Amino acid sequence: MTILVTGGTGLVGPRLLGRLSAAGVECRALVRPGKEVAEGVQRAEGDILSPDSLPAAVKGVTAVIHLAAVFRTRDDDQIWTVNRDGTRNLIAAVEQHAPEARFLLASTSNIYDADSTHPGREDDPVAPTLAYPASKIEAEQLLRASGLTWGTLRLPFIYGDQDGHLESLPELAAGMGWHPAQRLSVVHHADIATAFALALTGAFDNRTVNIADESPLSIYEISQIVGYSYNSSAEPLSQPWKGQMDVSLARSLGFTPTISTIHEAVRNGAL
């Protein structure tokens with residue numbers, strides 16, 4: 001088995017590559033010129049926005065894990081170009097040069113309606129207006145319409161491995177005016193690897209699956225954990241399911257997180 005991972009130099013990619021490689025999976029990373037990869041990972045120079053660079057990268061692979069995306073920018077055109085058009089380019093290359101490969105797409109919990117009456121479910125109708133979630137939905141649709149064996153993993157807030165992401169959350173939430181009682185689905189980097197390893201077996205084939213740990217925590221609780229002083233409030237919570245996903249499908253398909261909560265990550269020194 002040879003797996004191509006895009007986004008191999010971002011927040012998630014290097015940690016996923018390290019875990020898959022350590023488990024004996026032959027990994028190849030699509031990287032731009034000048035970018036390096038970890039020892040033991042094959043380097044495939046290319047860019048999802050340069051279709052001519054992709055055939056050599058995908059040739060001979062048995063699976064593709066597509067992580068590459070643009071998120072935190074005000075440049076909506078760049079978001080659409082990378083997240084939608086880049087995905088289209090990669091799908092076309094796999095269809096032509098590795099048509100038997102399984103294509104696994106990393107999507108996002110941000111696609112769900114903040115005003116939902118329940119945690120986000122895979123079969124909910126969604127119509128996000130912001131560029132990032134809207135572009136990810138279009139990427140999902142492109143993959144479903146392809147002739148490939150596919151799986152889409154909708155991922156929540158990702159943390160752990162000393163990446164600083166969880167520590168930055170309270171300040172970001174405060175800036176967006178989030179209620180301290182707002183709860184958020186999360187998952188540790190270790191269980192990104194757990195989920196994709198399971199998906200590589202075919203467990204998620206031709207499905208869209210929410211991935212998260214066992215216990216969404218409130219912004220207030222997360223702030224306490226990372227030592228941030230978040231303002232308290234007794235005002236009613238107007239969007240009780242914002243940021244939360246229903247993970248019943250993932251559990252029924254065999255996904256069980258190895259780090260069940262942020263509290264367990266703290267106990268294990270895995271933040």
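Biologist: Why does the radius of gyration of this chain agree with that of a compact globule?

Modeller: The rule, 2.2 Å times the number of residues to the power 0.38 over C-alpha atoms, puts a compact globule of 271 residues near 18 Å, and the chain has 18 Å, so the two agree. This is a predicted model, where local features need pLDDT of at least 70 and side-chain atom pairs count only at pLDDT 80 or more, while totals for chains, interfaces and linings use all residues. Residues are numbered from 1 along each chain as its sequence is written, and side-chain values use heavy atoms, without hydrogens and water.

Biologist: Why is R88 called partly exposed?

Modeller: Buried means under 20% relative accessible area and exposed over 50%, with partly exposed in between (1.4 Å probe, protein chains only). R88 has 38% relative accessibility, so it counts as partly exposed. Across the chain, 51% of the 271 residues count as buried.

Biologist: What makes the pair R88 and D85 a polar contact?

Modeller: The term needs a pair of N or O atoms within 3.5 Å; within protein, one must be able to donate a hydrogen and the other to accept it, and residues adjacent in sequence count only if both atoms are side-chain atoms. The side chains of R88 and D85 are joined at 3.0 Å.

Biologist: Which helix holds R88?

Modeller: R88 lies in helix α3, residues 76–97. Helices are DSSP runs of H or I with at least four residues, strands runs of E with at least two, numbered from the N terminus. The chain has 9 helices and 11 strands.
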